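Please read them alongside the coordinates.

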Amino acid sequence: FLLQDVLVKSDNSGTIKLGSTGCIVYAALQHYLWLVVFLWMVVEGILMYLSLVQVFGSHISKYMLKFNLLCWGAPIIFPIIGYFAFTKTVTVGDYSVVKSDFIAQNMCFLKPGGLPFWIFFLRPSRTRAAS
């Protein structure tokens, strides 16, 4: 959040302007990295379970490669699907307006409280945290 305070200013004078392509990329990247962190917490829990509870017969061959692919690869679908499913372009005459239910208009993050926020952020993080 400190990086966002430097890049995105509330008066829209920062490096990244609200509603711009940079803001959308920043929000999607932040969303992806949050989901990666949550998934790594699940993997840490699984590894602790395997090493402390199920000691014998818990060997997973090339487990770090598999867990790296899972943790860095699986969360990428949520920001991509979320953006394209909840963003539409409305064209009236010569004017086009991009209406997004995915990105908030006053900050470069997911629109809190909306359906995309519940589907693509809180639900995956709660499912992974509960595992």
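1. A residue is called buried under 20% relative accessible area, exposed over 50% and partly exposed in between (1.4 Å probe, protein chains only). The model is predicted, so local features need pLDDT of at least 70 and side-chain atom pairs count only at pLDDT 80 or more, whereas totals for chains, interfaces and linings use all residues. Residues are numbered from 1 along each chain as its sequence is written, and side-chain values use heavy atoms, with hydrogens and water left out.

2. Helices (H or I, at least four residues) and strands (E, at least two) are DSSP runs, numbered from the N terminus. Rings of Phe, Tyr and Trp (its six-membered ring) pair if their centres lie within 6.5 Å, with planes under 30 degrees apart taken as stacked, over 60 as edge-to-face and the rest as tilted.

3. The whole structure holds four aromatic pairs. One of them joins Trp 34 and Phe 38, whose ring centres are 5.9 Å apart with planes at 35 degrees, so this pair is tilted. The two residues are four apart in helix α2, about one helical turn; Trp 34 is partly exposed at 32%, while Phe 38 is buried at 17%.

4. Tyr 63 and Phe 67 form an edge-to-face pair, 6.3 Å centre to centre and with 70 degrees between the planes. They too lie four residues apart, in helix α3 (residues 63–73), and are separated by about one helical turn. Phe 67 is buried, with a relative accessible area of 11%, whereas Tyr 63 is partly exposed at 36%.
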